[in-house]
Amino acid sequence: MFMVKTAGCDPGFAPRNIHVSYSPDLIREEDHRAPDEFYSTVSLPYFGTQKPTTVKYCITCHIWRTPRMSHCHHCHSCVYIHDHHCVFLNNCVGFRNYRYFLWFLLMVVLASAMLSILGWVHVYHYRMVADPAVSSFLASISKNPVAFLLALYGLCAFVYPAMLLVFHIYLSANNLTTREYLNSVYTTRKLPEDERYVNIYDTRGILRNLWNAWWAMPQGVPTRNIRGVYEKGDLRNEPLRSLEVD
Ligand SMILES: [Zn+2]
Ligand SMILES: [Zn+2]
């Protein structure tokens, strides 16, 4: 259920500005270039010692991105609080489905752990009951090949989601997205201290961050029905060509 919700719901796509002539027959040469002011980033007002938040113009969607929003080149759209584009689920993970994604990871980890544990219990059952027909581990495998294969399968299916789950527990405890985490790692390595990434979205409480991410964060309303009927020519669903950047 959580997988279907993560893969099938609107991750928080921002509505595009479709009042731009993008049809090939309507497009004019000067439309290829965005006005100069669109290339600059704008710093929002801030208080005290906080770091300023900068917002950028998206030259594909023709909108100003809100803080924490970024453009996904797979989905051809800007996504609010964009975490990453998940290739396995073929959907972005962002503002509206991050909670489902966390629960999905947790359920996958629990299910694969349970599968593996039950498989091993079945394989080692001969030791507990002193079965006279099975004397060794290999004999038990040949008697219960399916249980052995399921135990191995559960183990393989456990490792990667478990690593991902631990990583996302860390991120959600700090109210970071994957993009912001990578940004902080990159800037910590490459830039002097005053230019490094500062997480201004951390509520300074691990439990409060976890509570928000796993349960309480409002999810807003969808701006696009991604399961709706696709009508050719509807600019809300077409891959748009971005304006040229010099
Ligand atoms: Zn965009
Ligand atoms: Zn995407």
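V221 is exposed, since 8 other C-beta atoms lie within 10 Å of its own and a residue counts as exposed at 12 or fewer. The model is predicted. The chain has 246 residues, of which 20% are buried, and contains 7 helices and 8 strands. Among contacts with a separation of 6 or more, 63% join residues 24 or more positions apart.

- The C-alpha atom of V221 is 8.2 Å from that of G12, although 209 residues separate the two along the chain.

**The largest nonpolar core**
- The largest nonpolar core comprises 21 residues. A14, C78, V79, Y80, Y98 and F101 have the most contacts inside this core.
- At least two residues of this core come from each of β6 (77–79), β8 (91–93) and α2 (98–123).
- The greatest contribution to this core is that of α2, which gives 7 residues.
- Both domain 1 (14–93 + 225–245) and domain 2 (97–218) supply at least three residues to this core.
- Leaving aside residues up to four places away in sequence, Y98 touches D83, V93 and A213.

**Helix α2**
- The buried residues in α2 are Y98, R99, Y100, F101, L102, F104, L105, V109, S112, G119 and V123.

**Annotated transmembrane regions**
- An unreviewed UniProt entry lists residues 100–126 and 146–171 under "transmembrane region".
- In the model, residues 100–126 are 96% helix and 0% strand, with end C-alpha atoms 40 Å apart.
- Residues 146–171 are 100% helix and 0% strand, and the end C-alpha atoms of this span lie 37 Å apart.

Note on methods
Residues numbered from 1 in each chain as written. Chains lettered and ligands numbered in written order. Predicted model: local features only at pLDDT ≥ 70, side-chain atom pairs only at ≥ 80, totals over all residues. Core = buried A, V, L, I, M, F, W, Y, C linked by C-beta atoms within 7 Å. Helix = DSSP H or I, 4+ residues; strand = E, 2+ residues; numbered from the N terminus. Domains from an automatic or database assignment. Contact = placed C-beta atoms within 7 Å. UniProt positions renumbered as here; feature names shortened; annotations may be inferred.
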